[in-house]
Amino acid sequence: MAWKTAFPDALCPPRGLTAIFGSGGKTSLMLALCALLRRTGTVIVSTSTHIYPPPGIACAQEEAEIMRILPAQGAVCAAQAAAESGKLCAPPIAFSHLCALADYVLVEADGARGLPLKAHAPFEPAIPREAAWRILLLGASGFGRPIAEAAHRPQRYAALCGCSPEDIVTPRRAARVVAAMPRYDALFVNQVETLEAAEQARELAGLVAAPVFAGSLREGRFQCLS
């Protein structure tokens with residue numbers, strides 16, 4: 001299937017709250033979806049963990065301020081300053097209430113310390129119970145690299161693969177970790193920017209049951225694999 005410059009329709013979130021979790025470009029995906037969805041409706045972006053202030057989107061934490069910004073700009077980041085320097089955390093307004101304020105609510109619900117792959121601790125991810133749609137993300141740049149180098153929580157990642165942290169990440173090993181993830185509605189393999197990465201993404205798609213999409217948020221091209 002040829003690459004496209006628009007998100008496949010099946011990857012676009014429905015109205016309501018969408019949780020984005022995993023690794024390999026969650027914030028980039030959230031912002032790309034926000035830019036798309038704000039053409040036809042209002043969008044609130046937020047987090048249940050920690051994010052940096054999103055570029056080009058005003059931030060607010062009180063409902064009055066959110067409702068002042070949203071009609072004029074079409075999108076707003078609902079969050080409050082975190083103890084971590086320069087980061088934002090979950091807003092004081094309940095996610096259920098945010099869903100009543102905008103057509104779409106996009107929530108980054110995980111952290112991976114900038115690594116392309118991740119295995120979750122028992123208390124992760126922080127998916128709001130209001131989530132009507134869940135997108136799992138992983139970065140293809142992790143393929144072919146040692147687990148210890150490419151994965152957040154490498155010991156747990158290796159245990160799920162049945163190997164050691166020094167072993168190489170393969171699509172089959174990644175599929176074992178994906179199988180242990182919480183429920184998700186779509187898997188997006190980001191950072192697919194080489195022919196080798198495209199083949200690895202296709203191999204992974206053949207090993208998981210949910211719809212799989214591949215592409216490069218940086219290069220703006222996408223395709224549906226299953």
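Student: Which residues is Glu-124 in contact with, leaving aside its neighbours within four places in sequence?

Tutor: Contact means heavy atoms within 4.5 Å. With neighbours within four places in sequence left aside, Glu-124 is in contact with Asp-110, Lys-118, Ala-119 and Arg-153. Please keep in mind that this is a predicted model, in which local features need pLDDT of at least 70 and side-chain atom pairs count only at pLDDT 80 or more, while totals for chains, interfaces and linings use all residues. Residues are numbered from 1 along each chain as its sequence is written, and side-chain values use heavy atoms, with hydrogens and water left out.

Student: Where does Glu-124 lie, and is Glu-124 buried or exposed?

Tutor: Helices (H or I, at least four residues) and strands (E, at least two) are DSSP runs, numbered from the N terminus. Glu-124 lies in the loop between strand E9 (117-118) and E10. Buried means under 20% relative accessible area, exposed over 50%, and partly exposed in between (1.4 Å probe, protein chains only). Glu-124 has a relative accessible area of 16% and therefore counts as buried.

Student: Which side chain does a polar contact join to that of Glu-124?

Tutor: A polar contact is a pair of N or O atoms within 3.5 Å; within protein, one must be able to donate a hydrogen and the other to accept it, and residues adjacent in sequence count only if both atoms are side-chain atoms. The side chains of Glu-124 and Arg-153 are joined by such a contact of 2.8 Å. A polar atom of the Glu-124 side chain also lies 2.9 Å from the backbone nitrogen of Ala-121.

Student: What is the nearest side chain of opposite charge to Lys-26?

Tutor: For charge, Lys and Arg count as positive and Asp and Glu as negative, whereas His and the chain ends are not counted. A salt bridge is a side-chain nitrogen of Lys or Arg within 4 Å of a carboxyl oxygen of Asp or Glu. Lys-26 lies in helix H1 (residues 26-37). Lys-26 is buried yet has no salt bridge, and the nearest side chain of opposite charge, Glu-108, is 4.4 Å away. The Lys-26 side chain does reach the backbone oxygen of Gly-22, at 3.1 Å. Not counting residues up to four places away in sequence, Lys-26 touches several residues, including Ile-20, Glu-108, Asp-110 and Leu-137.

Student: Glu-108 leads me to strand E8 (residues 104-108). How many residues of E8 are buried?

Tutor: 5 of the 5 residues of E8 are buried, so this strand is largely enclosed by the rest of the structure. Tyr-104, Leu-106 and Glu-108 point one way from E8, and Val-105 and Val-107 the other way.

Student: Which way do E8 and strand E1 (residues 16-22) run, parallel or antiparallel?

Tutor: Two strands pair if DSSP finds at least two bridges between them. E1 and E8 run parallel and are joined by 5 bridges, with Leu-17 opposite Val-105. Strand E2 (residues 43-47) also pairs with E8 in the parallel sense, over 5 bridges, and here Val-45 stands opposite Leu-106.

Student: How many residues of strand E10 (residues 131-139) are buried?

Tutor: E10 is mostly covered, with 8 of its 9 residues buried. E10 runs parallel to E1, to which 6 bridges join it; Ile-20 has Ile-135 as its bridge partner in E10. E10 also pairs in the parallel sense with strand E12 (residues 186-190), over 5 bridges, and Leu-137 stands opposite Phe-188.

Student: What order do the strands of the open sheet of 3 strands have?

Tutor: The order is E3-E7-E6, with antiparallel pairing. Strand E3 (50-51) and strand E6 (80-81) are the edge strands, each pairing on one side only.

Student: Finally, how many disulfides does the structure hold?

Tutor: A disulfide is a pair of cysteine sulfur atoms within 2.5 Å. The structure holds 0 disulfides. The closest cysteine sulfur to that of Cys-34 is in Cys-77, 9.3 Å away, which is too far for a bond. Cys-77 is likewise in no disulfide, and its nearest cysteine sulfur, that of Cys-59, is 4.0 Å away. Cys-34 is buried, with a relative accessible area of 2%, and Cys-77 is buried, with a value of 0%.
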